[in-house]
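Colleague: I have a structure open and want to learn how to read it. Can we go through it feature by feature?

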Amino acid sequence: MNGICALCKKLAKLKDSHFMPKAVYRSICKGFPEHGQNIVLVNGFDKTAAYTDKQAKKHLLCETCELKFSNNGEDKVIPLMARPNGFKLATKIKKFKFFSHVKDEEWYLPPSDEVAVNFMYFAISIAWRLSATDWSAFGIPESEGSIREESMSDFSDFLLGNTYRPENTYLAVYVDNQIVDTPSMGFPTVKNHDGYQHIVFSIPGIKLSLLAGKNPRAGIRETFAISANNVYFVSRSLKTHPDYFFMVNFLKNESVAKGRLLKELGKNV
């Protein structure tokens with residue numbers, strides 16, 4: 001269909017753009033066959049959990065901008081996520097320059113500026129998609145405009161290639177150091193703070209944590225000052241991360257199973 005590209009603002013034939021990369025869905029479905037035919041969508045908005053093969057996508061980008069997202073981010077990051085035959089990033093991170101040890105986390109500097117920019121591009125492309133349009137039809141409420149205009153302007157310039165790195169943006173890439181036996185993908189969530197926003201999402205084995213805004217809380221700028229590109233890689237167990245316990249508690253105590261999932265749970269009780 002023809003329309004205005006949400007990124008470059010030009011009239012063009014729009015591609016049917018995926019919110020989360022199609023390759024992630026494909027990897028979970030084909031790479032983990034014991035899970036792939038039974039993907040469960042957990043919806044925090046209506047507190048439900050159900051089997052689904054529905055992928056969040058809509059006509060959003062022109063072909064040129066879609067290719068930018070692929071070439072500059074997805075094609076570099078997706079091959080490194082956890083798969084049944086290995087987890088490349090978990091192996092590669094051991095050769096990165098060690099920076100610090102904080103409790104159960106080991107922090108590393110990116111091995112090159114190119115790697116840092118690729119991960120930053122990928123993270124921002126997902127965050128930008130969240131805020132650029134309405135995804136409520138896919139159970140993601142209040143997504144459009146959820147990221148502040150100032151950050152979205154910086155994100156757009158960076159994604160278009162007008163700047164080498166976005167202003168006032170910091171990225172921590174958490175890499176699971178345990179066996180990834182249950183693949184998961186998490187849509188972005190945005191937490192608002194005075195002076196900045198915290199945007200988090202995940203793909204199998206990797207959690208990406210973006211901080212964006214002119215006035216981050218005390219310590220953030222200082223922490224990232226040693227990294228020339230505002231990017232760190234962090235090796236830790238994601239199953240001991242507070243977000244994981246929150247998800248498990250939600251599934252056990254708050255979510256309501258629907259459809260085939262409800263029937264199967266009923267048989268197993």
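Predicted model: local features only at pLDDT ≥ 70, side-chain atom pairs only at ≥ 80, totals over all residues.

Colleague: What do the buried residues of helix 6 pack against?

Modeller: They pack against helix 3 (63-77) and helix 5, and also against strand 10 (169-176), strand 12 (196-203) and strand 13 (206-212).

Colleague: How far does helix 6 reach from its first C-alpha to its last?

Modeller: Helix 6 (residues 149-160) has 12 residues and reaches 16 Å. That is close to the 16 Å expected at 1.5 Å a residue. What follows helix 6 is G161, with a positive phi near 90 degrees.

Colleague: Now helix 5. How many of its residues are buried?

Modeller: 16 of 20, so helix 5 is largely enclosed by the rest of the structure. The 20 residues of helix 5 (residues 113-132) should span 28 Å, and the end C-alpha atoms are 27 Å apart, which agrees.

Colleague: How many residues does the largest nonpolar core have?

Modeller: It has 58 residues. L89, W128 and F233 have the most contacts inside this core. Helix 5 gives the largest share, 12 residues. Apart from this core lies another, of 12 residues, including W107, L109, Y174 and V234.

Colleague: What does W128 touch?

Modeller: Leave out residues up to four places away in sequence. W128 then touches A6, L7, L60, L61, F69, M152, F155, S156 and L159. Look again at M152, F155, S156 and L159: they are among the buried residues of helix 6.

Colleague: And aromatic rings? How do I describe a pair?

Modeller: Centres within 6.5 Å make a pair; planes under 30 degrees apart are stacked, and over 60 they are edge-to-face. The count here comes to 14 aromatic pairs. Take F96 and F233: they are edge-to-face, 5.2 Å centre to centre, with 75 degrees between the planes.

Colleague: Is the pair of F99 and Y232 stacked or edge-to-face?

Modeller: Their centres are 5.0 Å apart and their planes at 20 degrees, so the pair is stacked. F99 lies in strand 8 and Y232 in strand 14, so this pair ties together parts 133 residues apart in sequence. F99 is partly exposed at 27% relative accessible area. Y232 counts as buried, at 0%. F99 and Y232 also belong to one aromatic cluster with W107, Y170 and F224.

Colleague: Which charged end sits over the ring of W135?

Modeller: That of K58, 5.6 Å from the ring centre.

Colleague: Now the whole protein. How many helices and strands are there?

Modeller: There are 9 helices and 15 strands. Of the 269 residues, 46% count as buried. Among contacts between residues at least 6 apart in sequence, 71% join residues at least 24 apart.

Note on methods: Residues numbered from 1 in each chain as written. Heavy atoms only, no water. Phe/Tyr/Trp six-rings, centres within 6.5 Å; stacked < 30°, edge-to-face > 60°. Helix = DSSP H or I, 4+ residues; strand = E, 2+ residues; numbered from the N terminus. Buried < 20%, exposed > 50% of the residue type's maximum accessible area, 1.4 Å probe, protein only. Lys NZ or Arg CZ within 6 Å of the ring centre and 35° of its normal. Expected span 1.5 Å × (residues − 1). Core = buried A, V, L, I, M, F, W, Y, C linked by side-chain atoms within 4.5 Å. Contact = heavy atoms within 4.5 Å.
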